[in-house]
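I opened this notebook to look up charged side-chain pairs. My entries follow the display.

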Amino acid sequence: MRVGGWAADIGLGAVFAAVLAFWASRIADSWGGGYWRFDCAAGAVVCVIALARRFDPARAAAAGLAVAATAVLAARFADLPSEPGPGMALGLAVLVATAVRASQVLTACGVAAGGLAVAAGSLLTAHTFAAGVPSVTLMNVLAWAVAVVAGLCPRLLDARRRAVADRVRRAERLGLARELHDVVAHHVTGIVVQAQAARLVARKNPEKAGDALAEIEAAGSDALAAMRRVVGLLRDPDDPAGPATTPAGLGELVGRFEAGGRAVRLRLPGEEETATWPPEVAGTVYRVVQESLTNISRHAPHARAVTVSVERDRETLAVEIADDSPRSPSRHHQRGGYGLIGMRERVEALGGTLRAGPRPGSGWSVLATLPVPRSQALPERARR
């Protein structure tokens with residue numbers, strides 16, 4: 001458990017103890033004798049279970065509700081003060097809220113229904129109905145309603161965030177599908193052209209070889225047509241053509257970013273090396289740099305200098321974007337938006353990794369590593 005979680009539970013435990021002590025004194029004043037002991041003991045058990053709720057919210061809630069139901073029955077048949085008391089009601093509210101937020105749908109509904117049953121069951125322990133609904137029942141029903149709302153609202157927000165994240169992933173996959181079409185179309189077209197040329201040359205060879213080359217040509221043409229039909233279904237008819245995503249396009253991208261008043265240091269390999277990058281790798285490098293610079297504009301307004309570095313080490317390409325903005329407590333949350341989800345989806349689709357986080361001292365860094373196929377190995381001169 002995080003330090004913040006321990007601190008919250010310590011504070012919650014102090015609130016539990018104060019409420020139990022206050023209600024015990026009220027029972028002692030009104031009932032006299034040792035009638036307060038049962039309420040205090042049963043409430044303490046539920047509160048302890050509530051403090052241990054993080055280990056298994058559903059089972060903790062079930063245990064707390066079972067203790068509360070037993071206390072209601074005992075108070076009814078032993079003529080004890082009304083149950084659940086304020087301390088127990090508070091513990092049950094914490095248990096119900098946690099289970100509603102963290103449990104599966106059926107389990108959450110069961111816990112909420114059990115909490116309502118216990119709150120309504122407090123009617124059995126009421127000692128007077130002269131003033132309408134007993135105050136103990138009103139208190140328990142109100143605590144139950146607050147608990148359900150407190151658990152349901154974060155649950156709905158989490159569901160909304162997941163839905164947005166899924167839409168971002170789908171959009172990124174559609175973008176990858178469009179790029180896949182362009183890449184595969186390029187290679188398949190090359191196969192068709194080569195097969196056509198080989199067929200012309202093969203006219204001097206046996207007829208069987210010419211037929212085989214004709215089949216290669218037909219297969220390549222069919223594959224290209226099928227790819228266009230399938231990926232054409234994914235394309236948005238109104239989707240404009242994107243910017244040039246080649247390594248050379250990074251200079252223009254950085255230039256537009258510098259127009260905002262920030263200095264950018266761009267380090268790229270030479271043209272001889274970048275020309276060997278596969279199209280999908282070059283496009284991913286461009287998108288990572290583009291999204292990182294956009295994030296700096298939105299979430300790091302005090303950054304004055306940015307470094308964009310692209311380096312090649314044998315079969316691995318490393319792309320790092322770092323800024324010098326001052327560190328702030330809320331920056332980590334702000335920078336962990338949906339843009340990172342799209343970048344990570346794109347990078348991992350190529351078998352790479354993505355890391356984003358604060359730099360030592362100050363600033364923020366995004367580091368993506370991409371594998372480069374062996375067929376695109378560095379020339380011997382570039383390795384030296």
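I began with Arg59, which is exposed at 64% relative accessibility; buried means under 20% relative accessible area, exposed over 50%, and partly exposed in between, with a 1.4 Å probe and protein chains only. The model is predicted, so I noted that local features need pLDDT of at least 70, side-chain atom pairs count only at pLDDT 80 or more, and totals for chains, interfaces and linings use all residues. Residues are numbered from 1 along each chain as its sequence is written, and side-chain values use heavy atoms, with hydrogens and water left out.

I looked up the partner of Arg59 and found a salt bridge to Asp56 at 3.5 Å, N to O. A salt bridge here is a side-chain nitrogen of Lys or Arg within 4 Å of a carboxyl oxygen of Asp or Glu. Asp56 is partly exposed, at 30%.

I then checked the total: the structure holds six salt bridges.

Next I took Arg54, whose side chain meets that of Asp9 in a salt bridge of 3.1 Å, N to O. This pair links distant parts of the chain, 45 residues apart: Asp9 sits in helix α1 (residues 3-31), and Arg54 in the loop between α2 (36-51) and α3 (57-77). Helices are DSSP runs of H or I, at least four residues, numbered from the N terminus. Asp9 is buried at 8%, whereas Arg54 is partly exposed at 39%.

Last, I noted the salt bridge between Asp158 and Arg161, at 2.9 Å, N to O. Both residues lie in helix α6 (residues 135-201), three residues apart, about one turn of the helix. Elsewhere, salt bridges that share partners join Asp9, Arg53 and Arg54 into one network.

Note on methods
Helices (H or I, at least four residues) and strands (E, at least two) are DSSP runs, numbered from the N terminus.
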